[in-house]
Amino acid sequence: MSDVRVMVILANDCEEGETTTIMDIMRRAGFVCDGVSIADEIVICQHGCRLLADVIMGEDTESYKSYDAMILPGGWGAADHMGEDRRVIELVKYFAETPDKYLAAMCAAPGVLARAGVTKGKIITSYPGPKLEPLFTDAEYVTDAVAFDDNKHLITSRGPATVLPFAFAIVDALGGDSTFIKQRFLYNVLKEYPDGI
């Protein structure tokens with residue numbers, strides 16, 4: 001078991017496919033991965049799935065600064081909840097400003113990074129479209145499936161279909177090895193079907 005500790009922020013209306021896949025990959029990599037709810041113990045996802053949080057965040061955020069990485073899954077409503085939460089914004093700023101920490105967000109959640117004011121001059125991607133892209137006028141916005149900045153200490157991604165490369169990139173950035181997980185998932189088989197099966 002690795003001593004790497006990762007927290008995945010759980011908010012109501014999160015995209016369940018992204019959230020559960022991220023947590024699954026982190027745990028398969030041998031990392032300690034906690035689903036940290038900013039709501040209740042049971043989080044209601046965007047399409048009605050229910051997730052049981054490992055931890056419910058209290059008012060004091062100090063203990064969460066000990067994690068090595070903070071990951072924000074997507075979901076339009078979840079991004080709104082996270083962006084309006086003082087604790088999340090405080091932690092996003094901390095993880096963005098601390099050189100030995102990692103910050104990752106995907107789909108609608110990079111909008112939370114913009115709201116926290118940590119995207120200026122950064123290489124960023126997100127779910128495409130007019131709701132999010134205008135938030136990144138101070139950043140270098142790219143359309144890569146996974147975007148990297150700050151020597152991979154800031155990782156962003158686009159949408160539900162990009163969650164696997166996003167999660168694997170986080171594993172590798174944190175010093176893990178995603179190769180074995182990719183093999184077990186038959187991940188590389190997808191390259192044989194670039195337009196789907």
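Predicted model: local features only at pLDDT ≥ 70, side-chain atom pairs only at ≥ 80, totals over all residues.
Trainee: What makes strand β2 mostly covered?

Mentor: Five of the six residues in β2 (residues 32-37) are buried. The strand itself is a DSSP run of E with at least two residues, whereas a helix is a run of H or I with at least four, and both are numbered from the N terminus. By that numbering, the chain has six helices and eleven strands.

Trainee: How do you know that β1 and β2 pair?

Mentor: Two strands pair if DSSP finds at least two bridges between them. Strand β1 (residues 5-10) and β2 share six bridges, in the parallel sense. You can look at Met7, whose bridge partner in β2 is Asp34, and at Val6, which stands opposite Cys33.

Trainee: What sheet do the strands form, and in which order?

Mentor: Seven strands make an open sheet, running β5-β2-β1-β6-β7-β11-β10, with mixed pairing.

Trainee: Why are β5 and β10 called edge strands?

Mentor: Each of them, β5 (55-56) and β10, pairs on one side only.

Trainee: Why is helix α5 described as largely enclosed?

Mentor: Nine of the eleven residues of α5 (residues 163-173) are buried, so the rest of the structure largely encloses this helix. Among those buried residues are Phe166, Phe168 and Ile170. Their cover includes α1 (16-28), β6 (69-72), β7 (102-106) and α6 (179-185). Just after α5 comes Gly175, with a positive phi of about 90 degrees.

Trainee: What makes the phi of Asp13 worth a look?

Mentor: Phi of Asp13 is near 75 degrees, which is a positive value in a residue other than glycine. You will find Asp13 in the loop between β1 and α1. Its relative accessibility is 32%, so Asp13 counts as partly exposed.

Trainee: And why does Asn151 count as exposed?

Mentor: Asn151 has 69% relative accessibility, and that value puts it in the exposed class. Asn151 sits in the loop between β10 and β11, and its phi is also positive, near 55 degrees, in a residue other than glycine.

Trainee: Which residues does Gln46 touch?

Mentor: Contact means heavy atoms within 4.5 Å. Leaving out residues up to four places away in sequence, Gln46 touches Asp13, Cys14, Glu15, Glu16, Gly75 and Trp76. Asp13, then, turns up again here. Glu140, by contrast, is 94 residues from Gln46 in sequence and 29 Å away in space, C-alpha to C-alpha.

Trainee: How do you know that the radius of gyration of the chain agrees with a compact globule?

Mentor: The radius is taken over C-alpha atoms, and the globule rule is 2.2 Å times the number of residues to the power 0.38. For 197 residues a compact globule would come near 16 Å, and the chain has 15 Å, so the two agree. The C-alpha atoms fill a box of roughly 45 × 40 × 35 Å along the principal axes.

Trainee: How much of the chain is buried?

Mentor: Buried residues make up 52% of the 197. As for contacts with a separation of 6 or more, 65% of them join residues 24 or more positions apart.

Note on methods: Residues numbered from 1 in each chain as written. Heavy atoms only, no water. Buried < 20%, exposed > 50% of the residue type's maximum accessible area, 1.4 Å probe, protein only.
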